[in-house]
Amino acid sequence: GGGGAPPRIWGAALLGFLSALIVGPCLAPPLAGALLYIGSSGDPLLGGLALFALGLGMGLPLILLGTVGGGILPRPGPWMDEVRVLFGVILIGVAWWLLARILPGPVMLAMWAALLAGYGVHLGALERRRRASGALRLAQAGGMLALIYAGILLVGAASGAKDPLRPLGPLTGGTAAAAESGAEHTVFRRVDGLEELEAALAAAARAGRPAVVDFYADWCVECVRMERTVFSRQRVADALSDVAALQVDVTEYGTADRALMREFGVIGPPTILFFGAGGEERRDHRLIGEVDAEGFIAHLDRALAR
């Protein structure tokens with residue numbers, strides 16, 4: 001034997017290195033929150049214990065799984081091939097979800113339909129199985145449901161729908177369904193660039209109207225969800241009836257968008273700014289992150305002292 005470490009140890013070290021690259025971005029938000037709390041407390045003992053607890057909470061389950069996993073995990077078998085296919089479908093779905101930012105809605109519905117139809121056929125939706133186990137019959141039933149929903153998505157794509165969760169909206173509810181989904185309706189008026197935003201805020205101040213500025217992006221999941229579930233509600237529109245509701249779209253996140261966000265001190269969407277009737281911003285009432293309709297209305301009333 002040579003003087004180097006056994007190959008098995010090098011493999012484990014390489015696996016740990018690659019795992020750190022994958023887990024690192026996922027750990028960044030809680031770690032940043034913990035560091036901010038530790039920095040604000042100024043207690044080194046508390047900081048050390050907090051980071052130790054964070055590391056222990058992450059590492060202990062992995063150690064336990066690696067130590068006793070062989071005795072509690074299922075044995076390898078054909079089921080692993082199906083799990084691999086399922087995770088492949090999930091990964092393709094993530095790619096579809098990312099492409100939804102740049103491709104038209106009907107095209108995305110057709111792509112979702114193709115993915116579901118392919119997986120449904122793989123599960124045996126079109127096969128005739130007279131003598132099959134319960135697991136196979138259950139898989140076949142799931143495949144048939146996937147094929148049925150794929151057909152519904154294709155009908156929705158042909159009718160111009162954009163939301164895979166409401167593919168028949170244009171056929172069942174027309175404009176009302178579109179407004180409810182938030183895809184075609186918003187209470188905000190879009191403004192482009194710093195000059196147009198400042199001009200709109202100045203016009204609102206001259207008219208003695210308060211203003212609300214929403215920073216939005218298509219790639220922001222919370223922004224899209226708030227468009228669908230908050231800003232499409234009639235009671236939210238009523239609350240904003242006497243307010244200049246403005247929206248800045250930073251989807252492209254180009255030089256102009258970054259300069260505008262830097263000018264107003266906005267880190268990223270979703271962020272909503274509130275301005276009084278005199279044009280001054282109520283910085284203490286900035287709304288960062290997702291909120292429901294009732295929470296937004298209550299926050300709006302507090303910010304505008306109504």
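Predicted model: local features only at pLDDT ≥ 70, side-chain atom pairs only at ≥ 80, totals over all residues.
Residues are numbered from 1 along each chain as its sequence is written, and side-chain values use heavy atoms, with hydrogens and water left out.

Next I looked for the partner of Glu290, and found a salt bridge with Arg225 whose closest N and O atoms are 2.8 Å apart; the term requires a side-chain nitrogen of Lys or Arg within 4 Å of a carboxyl oxygen of Asp or Glu. This pair links distant parts of the chain, 65 residues apart, since Arg225 lies in helix 9 (residues 221-229) and Glu290 in the loop between strand 5 (287-288) and helix 12 (293-303). Helices (H or I, at least four residues) and strands (E, at least two) are DSSP runs, numbered from the N terminus. Arg225 is also partly exposed, at 34% relative accessibility.

I then searched the whole structure and found eight salt bridges. Among them, Glu281 pairs with Arg283, with the closest N and O atoms 3.5 Å apart, and with Arg286 at 2.6 Å, N to O. These salt bridges share partners and join Glu281, Arg283 and Arg286 into one network. Arg283 is exposed at 51% relative accessible area, whereas Arg286 is buried at 16%.

Asp257, in helix 11 (residues 255-264), gave another picture: it is buried yet has no salt bridge, and the nearest side chain of opposite charge, Arg258, is 7.6 Å away. For charge, Lys and Arg count as positive and Asp and Glu as negative, while His and the chain ends are not counted. The side chain of Asp257 does reach the backbone nitrogen of Tyr253 at 3.0 Å.

I also searched the whole structure for disulfides, each a pair of cysteine sulfur atoms within 2.5 Å, and found zero. Cys220 is buried, with a relative accessible area of 4%, and Cys223 is buried at 4% as well.

Lastly I looked at Val83, which sits in helix 3 (residues 79-99) and is partly exposed at 31% relative accessibility.

Conventions: Buried < 20%, exposed > 50% of the residue type's maximum accessible area, 1.4 Å probe, protein only. Polar contact = N/O pair within 3.5 Å; in protein donor to acceptor, adjacent residues only side chain to side chain.
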